[in-house]
Amino acid sequence: MQASILIPSPRPTMLTNALFAFIGSINENTGRSRADVFVADFILTHLVGKDINEIWQVKNPMGLLTKVLEENGRQAPESRLIWATGVSSVLSTYVVGVYSNKEFLGKSAGATVSIAEEMAARDALRRLFETDEKRAQIPFDKLYKKGLAHSSDGPEPAYHHVVSGYQIYKHQHEPFKFKYNNKSLNQFQLAYETWGKLNAKKNNAILIFTGLSASSHAKSHEQNPSPGWWEKFIGPNLGIDTNHFFVICCNHLGGCYGSTGPSSINPQTHKPYGASFPMLSVEDFVRAQFQLLKHLGIEKLHASIGSSLGGMCSILSGLLYPENIGRVATISSCIAPYPTAIALRYLQRKMIMTDPSWDHGHYYDTGAYPLEGMRIAREIATLTYRSGPEWLERFGLRRFNDNVQLTPTFEIESYLQYQGLTFAKKYDPNSLLYISKAMDLFNLTEGYDNQREALAKIQCPVLVLGSQTDILFPIWQQKQLAEGLIESGNSSVTFFELNSIFGHDTFLLDINGVSTALKGFLEISALSIEEESHT
């Protein structure tokens, strides 16, 4: 019988020196979130001393990191700790080689930890730099730039946990009635942000409806300089040109980034609403944001724009408020979701609601959090956001772990874990449940005898965009919408089919395709607007 190998505890000086050497390599030009990934990977592996796949069981990783930093007079990162997802990064290879990989420690049986460290370092250096120097110093700055290739080689949306920098609209003069179950709120608030300048006639406003989990922070500004989720689409001379337009973006009612939602305090109970929050509809999202427009004194929008859930909102706004909208741009949306999309969102909700820590939606004051449910839900969602062709090109069948076990082996598995864990604490689980259910219930023709009657209400110019590789809102759904509008008598319908590899996330990542279509559509009458504003 082979004797079990005891994994030695790390030496405190080596731990702190390596940590601070790594932190010191981070400069202003590198993203903080990826730095957090590496710090999390490094700290957790050292402190726990277990196989990388066992690290998920750690209850309070942020607490561990904070403790180590505070003991050494350092402040913990402001952004959420991002858990490491595998050993494909060279730094992870180095760390796991020292403390977790039995092969390395087995070869150095009877030797000191420093020899095991050296062996792992040599292996990492050989893989990265094709060198076999026995005592080369670990180049943390280069490791940082090279590491985590499986999750950083492809573009990713710039979503952040937004807690400030937005304005607040408070609705409190009359009850807001929801579509379902005869429910209402006497008051609520919406977080919103604006860019550009509203002209004297207030006829140059554009309302951007967000997707499911996005905040109001679509573009950076003085109050929040972090990149927005549509950073390169909005601004002077960009697709949505703030030289011409006053741009507004809200966090949806029911969200968790400043707007009233399940995590907000119920004024009647003085506790979070939780699962007692009213059921939501896409119609509720649109009507709430038009209350904001009324508050701002904007009687007619130049355009409403949205993608995904936002695309549902924008096209519905054209139906509900035909006299108050000049044009509509709907991206990656539909007339109604198809069964597969509903099924995929149902599975996400099921993962959350079957997590014991969900506690029937009232987990806010319990100290628990449905982390595992959120993590798996996001992994399922990620499958629907990107495309097979992109993943074939980006990951192929590459492995990050040569040890064949039931635990993850392929880079695509590691990528899904990364996406699940980075999102799990960014967004409120109940908000995901409520808003995703509203998407499933959406049907543009509800309340009408047929599709033609419903779509005939929308007579303003409409731009319909879709991606060929979208599996969540397949391109045939955008074609169906465009053709339905034309058949219903709208003579100003433009349809663009984008040849993008990024699937549903095309609306976030295809800057050239989406921006070009939007810019032409929005500015075709921009000059006349400016002329009117000066008369």
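**Close-up 1. Serine 264 sits in the loop between strand E8 (246–250) and strand E9 (265–266).** This is a predicted model, so local features need pLDDT of at least 70, side-chain atom pairs count only at pLDDT 80 or more, and totals for chains, interfaces and linings use all residues. Residues are numbered from 1 along each chain as its sequence is written, and side-chain values use heavy atoms, with hydrogens and water left out. Strands here are DSSP runs (E, at least two residues), as are helices (H or I, at least four), and both are numbered from the N terminus. With a relative accessible area of 19%, serine 264 is buried; the cut-offs are under 20% for buried, over 50% for exposed and in between for partly exposed (1.4 Å probe, protein chains only). Leaving out residues up to four places away in sequence, serine 264 touches Ser259, Lys271, Pro272 and Tyr273, where contact means heavy atoms within 4.5 Å.

**Close-up 2. Helix H9 (residues 282–296) meets helix H10 (residues 309–320), with axes that come within 9 Å and cross at roughly 70°.** That makes H9 roughly perpendicular to H10. On the H9 side, the contact is made by Val282, Glu283, Phe285, Val286 and Phe290; H10 brings in Leu309, Met312, Cys313, Leu316, Ser317 and Leu320. Sorted by class, that contact has nine nonpolar, one polar and one charged residues. As for the terms, axes are lines fitted to C-alpha atoms, for helices over the stretch in contact, and angles run from 0 to 180 degrees between N-to-C directions. Angles under 35 degrees count as roughly parallel, over 145 as roughly antiparallel, 65 to 115 as roughly perpendicular and the rest as oblique. Ala, Val, Leu, Ile, Met, Phe, Trp, Tyr, Cys and Pro count as nonpolar, Asp, Glu, Lys and Arg as charged, and the others, Gly among them, as polar.

**Close-up 3. Helix H11 (residues 339–353) pairs up with helix H15 (residues 429–441), their axes coming within 10 Å and crossing at roughly 160°.** H11 and H15 are therefore roughly antiparallel to each other. From H11, look for Ala341, Ile342, Arg345, Tyr346, Arg349, Ile352 and Met353; they meet Pro429, Leu432, Leu433, Ser436, Lys437, Met439 and Asp440 in H15. The class tally for this contact is nine nonpolar, one polar and four charged residues.

**Close-up 4. Zooming in on helix H11, here is isoleucine 342.** At 30% relative accessibility, isoleucine 342 counts as partly exposed. Setting aside residues up to four places away in sequence, isoleucine 342 touches Pro337 and Asp440. Leucine 472 is 130 residues from isoleucine 342 in sequence, yet their C-alpha atoms are 9.4 Å apart in space.

**Close-up 5. Asparagine 512 lies in helix H19 (residues 511–523).** Asparagine 512 counts as exposed, at 62% relative accessibility.

Of its 535 residues, 55% count as buried. Among contacts between residues at least 6 apart in sequence, 73% join residues at least 24 apart.
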